[in-house]
Amino acid sequence: MTDLTHDLPFWEGFSISSLDVQDDIVRIRLEPRPDAAMVCSGCGHNCAYVHETSWRQIRDMPLFGRAVWLKVRLRRLRCPECGPRTERLSWLGRHARITNRLAEFAAHWCARLPIAHVCELTGLHWETVRRIDRARLQEKVDALPIPEPTRLVMDEFALYKGHRYATVVLDAATRRVLWIGEGRSREAIRPFFEWLGKERCGKIEAVAMDMNTAFDLEVQQHCPKARVVYDLFHVIAKYGREVIDRVRVDEANRLRQDRPQSKVIKQARWLLLRNQENLQADGKARLQELLNANQALMTVYVMKAALKDLWEPVGGKPWRHAWRTWHAQARESGIEPLRRFADRLAPYWRGILARMR
Ligand SMILES: [Zn+2]
């Protein structure tokens, strides 16, 4: 009988010694062709002697909707350079339990489908597909050009419902994630600067961050040219939590006797924290009514708009004047949470100003 598999490109160097279809599984037994060259997987040289052979069970691409199981006789060669070594095969990795073809097929679909679907499509185990997907992503990351950031964004986010934190560093220009690490302390982010290296650290001009963190000290230590800037979004979010919300609760308590009014204030959280531009007409009307009726809420609301304005680009001198005015008004407002917030923001004003230049 002529050997049908001789010219098939599937399993180079091997031929089929038996093929069996049972239920939904195709079982193929492969044996090395005696005439095929034997190449050492260590040094890549041809070898003449076989040290030993063993059988390995290997998954291949499904065929006509059936799973394909290969049973392959693999040779360990006696290499004069490396000693006993597995032979090198074009279609199978050294310790692989699936063929390169199947791995490539799975990786191709991982880019387009959820892992569970790829498992179904290939018949592979979830853990195997996840590993393939990870290797594919790593390859993609490795292929990206080496980042040369000049402006960074550092942010922290909560893990496990806020019990632990992680820090992410982005290139502000490309929005590419450069680094992620667990923790939010100075020590936790140090490996990022070590990874970036002295030369690239020296090119960093600005770093945006949340004013709550200790990142600024670490940035100054590694990046001598960098200005630390504070992100408007974080400051406004903090203002919402620590000033507006605090005053809302205080006012609701103060007006306990006036039940309807107290209730209106208590329920106005969303109305007060939302951006005014995003409110519908009736929301805007209700907000205006609420602010007109309550002096403290009106003050903190107006002061929020003025705080936002500090992020508008104006020259250094007008900005300094605007900041001093804001700070003074906050201190004289008689509203304790506002005064406290302004005092806490004061040491950071250079970081806000740095945005303007
Ligand atoms: Zn060798």
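Aspartate 60 has valine 68 of β4 as its bridge partner. The pairing behind this contact is antiparallel: strand β3 (residues 50-63) and β4 share 11 bridges. Two strands count as paired if DSSP finds at least two bridges between them. Strands are DSSP runs (E, at least two residues) and helices are DSSP runs (H or I, at least four residues), both numbered from the N terminus.

The model is predicted: local features need pLDDT of at least 70, side-chain atom pairs count only at pLDDT 80 or more, and totals for chains, interfaces and linings use all residues. Residues are numbered from 1 along each chain as its sequence is written.

**Around β4**

β3 and β4 form a hairpin with two residues between them. Phenylalanine 64 sits in that turn, and its phi is positive, about 50 degrees. A hairpin also joins β4 to β5, through three residues. Here arginine 76 stands opposite threonine 86 in β5. Strand β2 (residues 25-32) pairs with β4 (residues 66-79) too, but in the parallel sense. Leucine 30 has valine 72 of β4 as its bridge partner.

**Around β6**

Strand β6 (residues 151-159) runs parallel to strand β9 (residues 206-209). Valine 153 has its bridge partner in β9, at alanine 208. With strand β7 (residues 164-171), β6 runs antiparallel. Methionine 154 has valine 169 of β7 as its bridge partner.

The pairings compare as follows.

| Strand pair | Sense | Bridges |
|---|---|---|
| β2 and β4 | parallel | six bridges |
| β3 and β4 | antiparallel | 11 bridges |
| β4 and β5 (residues 83-86) | antiparallel | four bridges |
| β6 and β7 | antiparallel | eight bridges |
| β6 and β9 | parallel | three bridges |

**Helix α11**

Helix α11 covers residues 316-332, 17 residues in number. From its first C-alpha to its last it reaches 24 Å, close to the 24 Å expected at 1.5 Å a residue. The expected span is 1.5 Å times one less than the number of residues. Glycine 334 follows α11, and its phi is positive, near 75 degrees.

**Domains**

The domain assignment of the protein gives four entries: domain 1 (1-96), domain 2 (98-143), domain 3 (154-225) and domain 4 (232-353). These bounds come from an automatic or database domain assignment. How many Å separate the centres of domain 1 and domain 4? Taken over C-alpha atoms, the separation is 72 Å.
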